[in-house]
Amino acid sequence: MDDREANRPPSPVCAAKPHKWVNVHGEEWQDSYAWLSNREDPEVLEYIEDENKYSDALLADTTPIQAILYKEFVARLDESEESAHVVLPDGWEYYSKKVPGKEYLVHCRTKDGVEDIVLDENELAASTELAGASFFRVGFIKHSPDSKMVAYSLDLSGSERYTVRFLVLETKQTLPDIIEGVYEDFEFSNDGSCVYYTVLDDCERAYQFKRHHMGSDVATDPVLYHETDEMFYLALAKTCDGEYIILNAYAQITSETRFISANNPADELHLLFPRRENVQNTCEHHSGFFYVLTNENAKNKWLYRIPVPMRADRSSQPQQPTDDTQTLRETVIEHRDFVLIEDFQVRKNHLVVYERSNCLQNVRIIDMRVPGLSSYHYISFSEVVYSLLPGSLNSEVADMTKITQFNTNILRFTYTSFVQPKQVIDYDMDARTMTVVQEEKVPGLIPYDQTMYASRRLFATGTDGTAVPISIVYRRDLLGMSLTPQQTNPVLLHSYGAYGCPANPIFSSSRLSLLDRGFIYAIAHIRGGADMGNGWYEEGKLAKKPNTFNDFCSVAEYLIKEGYTEPAKLAIYGRSAGGLLIGAVVTMRPDLFAAALTEVPFVDVINTMFDATIPWTAFEYEEWGNPNNRDIYNVMKSYCPYTNVDGELLAKGVYPHLLVAGGMNDPRVAFFEPLKWVAKMRAKRREARQAVQQLAQAENTTYEERMLLLRIDDAGHGGNSGQYSHLGDLAFEYAFLIKTLGAPSKPYYGGTGYAGGTLQGFDGVLLPVSTLDGETGGRVRMPSLDRGTASRGYSYGAEKDRQPAKPPKDIRMRRSKEEEDKAYRVKTKGDRSPSRLSQWLNTWF
């Protein structure tokens, strides 16, 4: 133990309470920290509080770095950003915008130069009615087809159970119709007389599909479909042409499809495709045909169409599918072994297909006016490392665009790369021209210069010879291998590797704070994601899950071997299922990494997967496997981070520095998973410490224990959000990385490299930044950084008579002067959502 360790306060102690059970394989398991799952236990809450204080204390010396980082983050925000505009049939131009000093969006419309505020989320959050809510988030905003009304959803608890309200645009009157317990999918009928929605069961699973007639009693809303199989959840969407609402019952690898007319409020659901094991279908409609994207008998997906099934009398009422219906299939795009069709859309004259091949995304435009659909072209992009998203990141704008652009030749998508800020592009599919309709602005203390940064695509060789893609970004003048003499860079290596979600290279203005300190940011496109197609995903799930972890370690070894970095300068990051990745590789190869950062990590794999009472466990069997199967169980035991804690390596300081974050209200990865993991690591390290110290004395050497930090706050799966409030947490995490890797505390600008002697710091340009109402300059407020110890000194154990800790009652960040220290929590759609938007964002750091 060195002087730094001696000066540390004692780490929190969690009582071990023996809990034994025998699994189906006859093996006895002991989980001494199972009791930490009781969120109502005052002892659990007090332990969480002690862990939070301890983490703040050990990083208290980084408070000045956090202040600098926060100032940089805020300076790069476009605090007055407007979304792309959409003109609806009523002639109004709709959009949303940010307001300086305000956390939430303001939804607006304009006509003839007059702006009308549709919904101000800030006023809603500050309203008397919602004053007692512990959480605030506006989920979806849906416009009725006649543009006279909007439906908006509110999450006031962090549970992702939304309450839907209706607002009349002309009068701003809120209607008495209030629907509670709604999930994220919601659609109007075309005449606006009714709405369709799904509700959640006690396991957070969308299981009922309902219809509400406006003005009727919500309690009488009929259940049009009830999904009884706990392996399946429901998702609904209106087709691009607005003719039908498609209801899918999804499991991980199987789906069942129904449809209902959006024109007939009295219509009933019609079964289109019954569930077949390992077959998933996605449907759209165009001119009397259903276009179907399927993985049937295929490694990747292919596209075909069938006529909409009609009754024998050829009435407008569809009939149930028959064998004859299936024989009418017409192939549109054949299956290709090395091309994955990720998504598709239809327009009046065009079929738009989003593809992925060799870790690159492409957009194929098919002219539907040409017989046989034989005429097509691809949109070309100049970069090698980039990402595409259909529509817009703003879900309201994306939904309105879907409505208005069907009859046009315009395709709207979002483009970004490691160096290109996000652009919303309107592409003319006939003229083959692009128009940027909205672009992320990056002002900064020094305005962003794209030419200062570069990205590359590299390939590592996996343990089985597989080529694993890597995407990196860095500042050109700070790349150590280009300097004289050569030197290594601090690297942050990030990945996800689960659920078939690709890890997409996306621009981040906050990430510039790392790049400007000499960091290289790298993404490992490992198996378990679909970065290289569906086969890539299949090779990293179930019994083949270890491929995911081996690929990640191979990428780390490659970056070290090629001179980009060294173990003492290599940090890793992953969240949720990516947190399992971090926990597994830290256990497998702790010597490779100096620091590890993980958020809401899924680390107690075996206990969780044996517990069918935890939400989504049954659904997860198709991703991780069912541990009741002996072979799957043995594989899980080999990588489960909670199972494989090594106290001796922790005491010797072989494990990297660890910062683990969790959320009390996370329904997807329970708060007790990271809590138990850290408690067990602390206990195992203490048990091994005496023997390790004796060994050190005998060998005349010393071992430096690494930091082990845990933060659990009153958040959900997505942590903090809002225009400002999440930046405090991000500054804390970046400061951890900077400290543990020994990176510069301040960024560099100008010059030719930090080894050349001409590079300067940012001291001269760190000007005051104002982020609060009424402020004209001066200090920057960092509400998330004031955690009781970081600025006032360590107080762990000092309050002997304190009351048991309780989660804060009001954690919303409203940014008024009176409530400037409150935090806003938000949960994104979780890993299991079918939404491509959620997949696009969940792997972004």
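Over residues 311–316, where pLDDT stays under 50, how many contacts beyond four places in sequence does the model have? The model has 7 such contacts for this stretch, where pLDDT is the predictor's confidence in each residue, from 0 to 100, and a contact means heavy atoms within 4.5 Å. Residues 761–837 also have pLDDT below 50, and this stretch has 219 contacts in the model beyond near neighbours in sequence. For the chain, the mean pLDDT is 86, with 85% of its residues reaching 70 or more.

This is a predicted model, in which local features need pLDDT of at least 70 and side-chain atom pairs count only at pLDDT 80 or more, while totals for chains, interfaces and linings use all residues. Residues are numbered from 1 along each chain as its sequence is written, and side-chain values use heavy atoms, with hydrogens and water left out.

Turning to the helices (DSSP runs of H or I, at least four residues, numbered from the N terminus), the axes of H3 (residues 63–75) and H16 (residues 726–741) come within 9 Å and cross at roughly 125 degrees. H3 is therefore oblique to H16, since angles under 35 degrees count as roughly parallel, over 145 as roughly antiparallel, 65 to 115 as roughly perpendicular and the rest as oblique. Where the two helices meet, the residues of H3 include Leu69, Tyr70 and Phe73, and those of H16 include Leu730, Phe732 and Tyr734.

As for the cysteines, Cys501 counts as buried (under 20% relative accessible area, with exposed over 50% and partly exposed in between, using a 1.4 Å probe and protein chains only) because its relative accessibility is 4%, whereas Cys203 counts as partly exposed at 31%. With a disulfide taken as a pair of cysteine sulfur atoms within 2.5 Å, the count comes to 0 disulfides.

Conventions: Axes are lines fitted to C-alpha atoms, for helices over the stretch in contact, and angles run from 0 to 180 degrees between N-to-C directions.
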